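Here's a quick tour for anyone meeting this structure for the first time. Take a look at the sequence and the model, then read on.

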Amino acid sequence: MFNSILMEVAGLPIFGAALGAGVVALGAGLGIGKIGSSAMEAIARQPEAGSKIQTAMIIAAALIEGVSLFGVLICLIIATA
Amino acid sequence: MFNSILMEVAGLPIFGAALGAGVVALGAGLGIGKIGSSAMEAIARQPEAGSKIQTAMIIAAALIEGVSLFGVLICLIIATA
Amino acid sequence: MFNSILMEVAGLPIFGAALGAGVVALGAGLGIGKIGSSAMEAIARQPEAGSKIQTAMIIAAALIEGVSLFGVLICLIIATA
Amino acid sequence: MFNSILMEVAGLPIFGAALGAGVVALGAGLGIGKIGSSAMEAIARQPEAGSKIQTAMIIAAALIEGVSLFGVLICLIIATA
Amino acid sequence: MFNSILMEVAGLPIFGAALGAGVVALGAGLGIGKIGSSAMEAIARQPEAGSKIQTAMIIAAALIEGVSLFGVLICLIIATA
């Protein structure tokens, strides 16, 4: 006897997409938050180095932004598929 | 014999959307909160660098805001689909 | 008696892809965030070493970015397969 | 009476591959992030030792990168098998 | 009447292999990250001992790398078996 059961839990991929988008944004928020926080303190300590610090801040934050937007894009693809 | 069972856990996608939106907001809140907090302390330490600090604060917070709004948008799409 | 049941939970791979993409971005965000944060403080402490620090920051962040983009790519392959 | 039930949950390996890729990248992000973070602070403390520190940073980060890329590769093999 | 049910969940070993590879890399990343982090700070404190510190760092990191590559290898064997 061979039984093949297709159990489709209907909302599972979309559940994952929503949860995934949340975790992506959590990572981006914590990461860019940490960078931004340090940038504030750094500019306060060395106001004359403000432009250097801001440039480095944007580069680092953009790297997080890049992988995060790619991550939420995948979640969007899954959610609307 | 072939059995196909569609088990639809009816609220699962919307549950995920709500949970995801929560996690997004958690990340954004913690991240922007960290940046804002440091900005306050930084301006207090160096009031004359206030405008520089505020510019950097807005840039960093806007990056978090961007990915977070994209994240909650996905959750909104899922919730209203 | 021998029973072979193929239970296919239809959305499971895609659920994993979404969740995986989230965890990848979480790691990238935390990691690059930590590097960026330290870079800010480092430039503030030694503004004249700013270019050295920024170079090292980009190298380290790029290593995280590399494995992260590879990770989300796998999730994308799974999601669209 | 002896019953042997082979229950195949069809999407389970691919679910694992996606989740595994996420955890690999999480580890790589946290690890390289820690190394990079310390490298920044180290270069700021001893700018004249910048090249030594950067060399050591790349060696340590490359070791993490190596095992991580091998890990995501396994996840890719599982996902596409 | 005596019923003995052997329930074999078919995809479970491969699921475990993928997740295991992830956890191996997580451990390696955290471990080598900690070693590398301390090495950076050590070289900054004693730049003239840089080569000694780097040698010790590579030995310690290589020990983690060794067991980690063995771990992901086992996961690969399970995944492709």
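## Helical stretches in chain A

Let's start with residues 56–79 of chain A: this span is 100% helix and 0% strand, with its end C-alpha atoms 34 Å apart. Residues 12–35 of chain A are likewise 100% helix and 0% strand, and their end C-alpha atoms lie 34 Å apart. UniProt, in an unreviewed entry, lists both spans, 12–35 and 56–79, under "transmembrane region"; its positions are given in the numbering used here, feature names are shortened, and annotations may be inferred rather than shown by experiment.

This is a predicted model, where local features need pLDDT of at least 70 and side-chain atom pairs count only at pLDDT 80 or more, while totals for chains, interfaces and linings use all residues. Residues are numbered from 1 along each chain as its sequence is written, chains are lettered from A and ligands numbered from 1 in the order in which they are written, and side-chain values use heavy atoms, leaving out hydrogens and water.

## Chain A as a whole

Chain A has 2 helices and 1 strand, in the order β-α-α along the sequence. Here helices (H or I, at least four residues) and strands (E, at least two) are DSSP runs, numbered from the N terminus. Of the 81 residues in chain A, 68% are buried, meaning under 20% relative accessible area with a 1.4 Å probe, counting protein chains only.

The unreviewed UniProt entry also lists residues 15–78 of chain A as "domain: V-ATPase proteolipid subunit C-like".

## Where chains C and D meet

How many residues does each chain bring to the contact? Chain C brings 49 and chain D brings 48, with contact meaning heavy atoms within 4.5 Å. About 4,000 Å² is buried between them, 77% of it from carbon and sulfur atoms; buried area is the accessible area (1.4 Å probe) lost when two parts are put together, summed over both. L63(C), V67(C) and I74(C) supply 14% of the area that chain C buries against chain D, more than any other three residues.

On the chain C side, strand 1 (2–9), helix 1 (12–45) and helix 2 (50–80) each supply at least two residues that touch chain D. Helix 1 of chain C gives the most, with 20 residues.

Methods:
Buried means under 20% relative accessible area, exposed over 50%, partly exposed in between (1.4 Å probe, protein chains only).
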